[in-house]
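Subject: The structure I promised you

Hi,

Here is the structure we talked about. Open it up and have a look, then read on for what turned up in it.

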Amino acid sequence: MKSIVWIIVAGIAVLATAACAQSDSADTATASNDIWANQPGFKPVLFAPGLISTPDHNERDITFSPDSKVLYFTRDARIMVTHLTDTGWSEPVRASFSADYPEFEAFVNRDGGRLYYITSRPLSGEGEPEDYQIWFVDKDTTGWGTPQRFNEEGDFYPTITDNDIMYFTGADNNLYFSRLIDGRMAGRQRMSDSINTASAEYNAFVPPDGSYIIFTSFGWGDGFGGGDLFISFKTKDGAWTPAKNMGGGINTNGHDYCPSLSRDGRWFFYTSNIGGSEDIYWVDAGLIDYLKTHDLNTADMLYSTITEKGLEQGLVQYEAFKLRFADYCVFDGRLLAGVADRLIIAEKIEEGVSLMRESFAMYPESRSIIQRLKLAALANQQDTLSAIAEELRSTESVLNRGLENRINRLGYRLLGWNRIDAARRIMLLNTELFPESFNVFDSYAEALMFSGDTASAIINYEKSLELNPDNNNAVEQLRLLNGE
């Protein structure tokens with residue numbers, strides 16, 4: 001379900017402007033950056049800011065060469081590479097095998113002779129993109145050769161142990177494994193119910209010794225929201241322990257995914273969009289050992305306390321968490337915001353809104369535009385919504401496509417929570433802020449349809465079509481609404 005959706009979102013914006021692939025030779029070094037600077041403890045920090053993780057691009061999927069002197073990662077749907085040189089790490093460039101098709105999820109094998117990745121590149125090497133498949137490229141004395149398709153199953157996110165077991169995500173968003181013989185899969189087997197659920201599990205990493213598996217899940221509880229990273233450990237008899245949420249240091253109320261490990265096993269890497277774009281974070285991998293015997297799922301514990309004993313007792317517990325888990329969890333308002341969302345989804349609107357207000361009071365810096373809009377819409381504070389809109393209009397630089405999309409996503413999130421009136425308020429506001437955008441009128445019309453206001457939905461679909469005569473969705477919806 002989700003990984004492919006996120007792949008597409010990350011890749012669309014860059015296809016038209018992608019540059020030709022550059023050599024991944026270390027001779028291209030131009031920077032003197034130390035990616036190992038500012039090493040974190042058990043709480044994650046942004047990895048190599050400015051060189052690898054940047055505010056203006058989407059970065060994810062990190063893998064190292066066996067000697068840790070070459071690093072591959074994804075930036076805006078392109079495989080990038082940086083080398084360690086005498087003057088530091090080189091400025092990242094497109095990998096030599098990179099093509100003008102979306103590509104992600106590089107993994108370098110044990111000896112460094114093969115790199116796996118996924119791409120929508122057609123088999124012929126040109127033409128219209130195809131469905132995402134795993135591809136590979138082999139290295140010889142001159143560098144990387146010609147990419148080849150690995151299989152045609154729609155699998156993604158490959159990772160391989162030292163005994164040649166490949167773990168990967170199937171097209172059905174379940175996790176699988178297969179023994180590799182002569183570089184090819186020898187069958188495939190779905191992982192047990194200690195890992196897979198009826199919902200989506202994907203983007204799994206297994207270390208070289210195969211002792212644990214880390215993956216993103218939507219089926220192992222609501223956790224911190226947005227898709228959390230979970231871990232399961234292999235027992236002595238070869239079974240897997242039930243998946244455990246990795247806790248409130250790693251997981252946020254955003255989307256947390258794409259796990260990996262440094263070659264020496266010291267650092268754990270993953271991707272999160274909590275900062276507004278996809279970025280790579282890292283943390284001391286000793287956290288993994290801690291999770292063998294400890295539970296850091298503060299979101300579930302706090303949610304249970306609030307629903308069973310009330311908000312006041314929940315806030316008392318929260319203060320205790322801040323002392324107990326100070327070394328392992330981040331307490332900056334994101335935990336409270338995620339739990340508030342869960343309360344709202346569970347129809348506990350009053351508790352959710354009250355918790356959001358408490359979060360804003362404790363962490364004023366967490367009061368982003370989106371969070372403020374969400375609270376005002378849920379509380380039906382029209383004056384506040386109008387005031388925020390006026391504030392945005394007075395800051396012209398804020399009114400950009402990125403904000404339009406973020407407000408639109410908030411509206412759809414509220415629709416998904418069945419908070420129809422709140423969604424209508426948000427989507428109406430977006431039409432007032434961005435009156436030249438066909439998309440915001442199309443979205444507002446959809447919210448109006450959900451609320452049963454067909455006449456107003458027709459008016460807004462017509463407005464969307466007026467702004468963009470090629471909006472086929474508006475054409476189709478108007479045909480249905482008019483009974484044609």
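Let's start with a charge and a ring: the charged end of Arg342 sits over the ring of Tyr303, 4.3 Å from the ring's centre. You can find a second case at Phe441, where the charged end of Lys463 sits over the ring at 5.9 Å from its centre.

Before you go further, keep in mind that this is a predicted model. The average pLDDT of the protein chain is 89, and 93% of the residues score at least 70. Be careful with residues 1-32, though: the pLDDT there is below 50, even though the stretch has 79 contacts in the model beyond near neighbours in sequence.

Now for the rings. How many aromatic pairs does a search of the whole structure find? The count is 26. One of them is Trp36 with Phe64, a stacked pair at 5.5 Å centre to centre, with 20 degrees between the planes. These two come from distant parts of the chain, 28 residues apart: Trp36 is in the loop between helix 1 and strand 1, while Phe64 belongs to strand 2. Trp36 counts as partly exposed because its relative accessibility is 23%, whereas Phe64 is buried at 3%.

Tyr270 and Tyr281 are stacked too, 5.9 Å centre to centre and with 25 degrees between the planes. Tyr270 is in strand 22 and Tyr281 in strand 23, eleven residues apart. Tyr270 has a relative accessibility of 3%, so it counts as buried; Tyr281 is at 14% and counts as buried as well.

There is also a cluster, in which ring pairs link Trp36, Phe47, Phe64, Trp267, Phe269 and Trp282.

On to its neighbours. Strand 21 runs antiparallel to strand 22 and is joined to it by four bridges, with Asp256 partnered by Ser272. The two strands form a hairpin with five residues between them, and Gly265 in the turn has a positive phi of about 75 degrees. Strand 23 also pairs with strand 22 in the antiparallel sense, over six bridges, and Phe269 stands opposite Trp282. In that hairpin six residues lie between the strands, and Gly276 takes a positive phi near 110 degrees.

Last, the structure holds zero disulfides.

Cheers

Technical notes: Residues numbered from 1 in each chain as written. Predicted model: local features only at pLDDT ≥ 70, side-chain atom pairs only at ≥ 80, totals over all residues. Heavy atoms only, no water. Pairing = 2+ DSSP bridges. pLDDT = per-residue confidence, 0-100. Contact = heavy atoms within 4.5 Å. Disulfide = S-S within 2.5 Å. Phe/Tyr/Trp six-rings, centres within 6.5 Å; stacked < 30°, edge-to-face > 60°. Buried < 20%, exposed > 50% of the residue type's maximum accessible area, 1.4 Å probe, protein only. Lys NZ or Arg CZ within 6 Å of the ring centre and 35° of its normal.
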